[in-house]
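Please read the points with the structure open beside you.

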Amino acid sequence: MNSPPSTLNIRNCRIIELPRIVDSRDGIISVAEARRHIPFDIRRVYYIYGLNYFHSIRGLHAHRKLEQALFCINGSVRLDLDDGWRQASIKLDRPNVGIYLGIELWHKMGDFAHNCILLVLTSDYYDESDYIRTYEEFLTLVHSR
Ligand code: TYD
């Protein structure tokens, strides 16, 4: 598991590095603006927190149309990505460095630090019918392209 590389060899995703605004005062501001830093209009924001177990697993799905941007704004998490051909694992542990997750990417989160807060910006409202929840269906879909 590595900290984010500058590029990912997985389709439909990439690293997003947000600005860090530092001035003479204590503290840092990072900002994410739609269509500037985030490559879609943001319709929904959710966050995952309250993780008690390092070995918990979340995710385990892909999306048909939804685009997302993930930022671990506190603590750290490992993100496993699979585009149907290639896999990559990335540790998110910097509040200003996240991942753009486009469509049809199987993803799983694990190795949660107990203080992890994973912030997710998404391109649309929650819609269960947009989820692909079995790996077999995901592979069938992406390999049929
Ligand atoms: P899910 O996206 O499967 O979580 P994760 O990827 O972290 O494992 O969502 C878990 C549950 O929460 C599922 O029953 C749907 C519900 N949910 C909503 O109702 N609205 C939302 O915006 C999200 C993200 C989830």
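1. A word on terms before the sheets: two strands pair if DSSP finds at least two bridges between them. Helices (H or I, at least four residues) and strands (E, at least two) are DSSP runs, numbered from the N terminus. With that in hand, 6 bridges join strand β7 (residues 77-82) to β8, and these two run antiparallel. Within this pairing, L79 has I90 of β8 as its bridge partner.

2. Please keep the origin of the coordinates in mind: this is a predicted model, in which local features need pLDDT of at least 70, side-chain atom pairs count only at pLDDT 80 or more, and totals for chains, interfaces and linings use all residues. Residues are numbered from 1 along each chain as its sequence is written, and side-chain values use heavy atoms, with hydrogens and water left out.

3. How many helices and strands does the chain have? There are 12 strands and 1 helix. Reading from the N terminus, the elements run β-β-β-β-β-β-β-β-β-β-β-β-α.

4. The β7-β8 pair belongs to an open sheet of 5 strands with antiparallel pairing, in the order β8-β7-β10-β5-β12. Its edge strands, each pairing on one side only, are β8 (87-92) and β12 (131-132).

5. Another open sheet of 5 strands, also with antiparallel pairing, has the order β1-β9-β6-β11-β4. Here β1 (13-17) and β4 are the edge strands, and each pairs on one side only. From one strand to the next, the twist averages 25 degrees (axes are lines fitted to C-alpha atoms, for helices over the stretch in contact, and angles run from 0 to 180 degrees between N-to-C directions). Strands β6 (residues 68-74) and β9 (residues 97-101) run antiparallel and are joined by 4 bridges; the partner of A69 in β9 is Y100.

6. Which residues are around the ligand? They are R44, Y46, I48, R58, G59, H61, Y126, Y131 and R133, where being near means that a heavy atom of the residue lies within 4 Å of the molecule. This shell divides into 4 nonpolar, 2 polar and 3 charged residues (Ala, Val, Leu, Ile, Met, Phe, Trp, Tyr, Cys and Pro count as nonpolar, Asp, Glu, Lys and Arg as charged, and the others, Gly among them, as polar).

7. Now for the ligand's oxygen contacts. An oxygen atom of the ligand is 2.4 Å from a side-chain N or O atom of R44. For Y131, the corresponding distance from a ligand oxygen to a side-chain N or O atom is 2.6 Å, and for R133 it is 2.9 Å. Taken alone the ligand exposes 530 Å², and the protein buries 63% of that (Shrake-Rupley method, 1.4 Å probe). The elements giving two or more residues to the shell are β4 (44-48) and β5 (58-63).

Technical notes
Polar contact = N/O pair within 3.5 Å; in protein donor to acceptor, adjacent residues only side chain to side chain.
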